[in-house]
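This report describes how strands pair in one protein model. Please consult the sequence and the structure shown below while reading.

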Amino acid sequence: NISGTNTSTVVSSNDTAVIDGFTITAGDGEDAGGIAGGGAFRHCVIQGNLGLKAGGVSAGDGISVLTLTECAILANRGKQMGGVNASHIDGFEMTSCRVQGNTATGSSLRSAGGVYLGYGESSISNCVITGNVGHFYGGVHMAGSGTLNVLNSTVASNYAVGSSSSE
């Protein structure tokens, strides 16, 4: 297990990182509480993290690859994204993962409880995304341009507490 001290991001990584079989918990970071960066994460549990941007995982500008395989992203809280932020990257793949019980606490237009994507190529397959809460988006949101392919996945019982209108 990799446990933080609730004072910084637990794992900072780049596109070539490979992390397999760890529980990543007790992070509290600016970009993400659990994982900030890219690479390949397999058989991991990312749980109970806090982040100013994303609670669980955040891979944004400067990252080109993020692969999550057989991971559980559970009960994380972020101001903008609760579970996963993978915007502005061209190689996001999430396979056989569970994204559940994550919360985005802020009210910005990027407030998504489960998974926030955009401006790149993204794929979600054989995943369950449920019980996430955000101000504007509960489960999965694809912002701006890009392509999202969803295959054999369940996205259900997520909740958006606000409205996306400009009023």
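## Strand pairing in the model

Strand β15 (residues 91-95) pairs with strand β19 (residues 121-125) in the parallel sense, over 4 bridges. Within this pair, threonine 95 lies opposite serine 125 of β19. The model is a predicted one. Strand β19 also pairs with strand β23 (residues 147-151), again in the parallel sense, over 5 bridges. Here serine 123 is placed opposite asparagine 149 in β23.

In general, the strands of a sheet pair through backbone hydrogen bonds, and the pairing is either parallel or antiparallel.

Another open sheet consists of 6 strands in the order β2-β6-β10-β14-β18-β22, and its pairing is parallel. The edge strands in this case are β2 (11-12) and β22 (140-143), each pairing on one side only. Strand β18 (residues 115-118) pairs with β22 in the parallel sense over 4 bridges. Tyrosine 116 has histidine 141 in β22 as its bridge partner.

| Strand pair | Sense | Bridges |
|---|---|---|
| β18 and β22 | parallel | 4 bridges |
| β15 and β19 | parallel | 4 bridges |
| β19 and β23 | parallel | 5 bridges |

Terms used. Residues numbered from 1 in each chain as written. Predicted model: local features only at pLDDT ≥ 70, side-chain atom pairs only at ≥ 80, totals over all residues. Heavy atoms only, no water. Pairing = 2+ DSSP bridges. Helix = DSSP H or I, 4+ residues; strand = E, 2+ residues; numbered from the N terminus.
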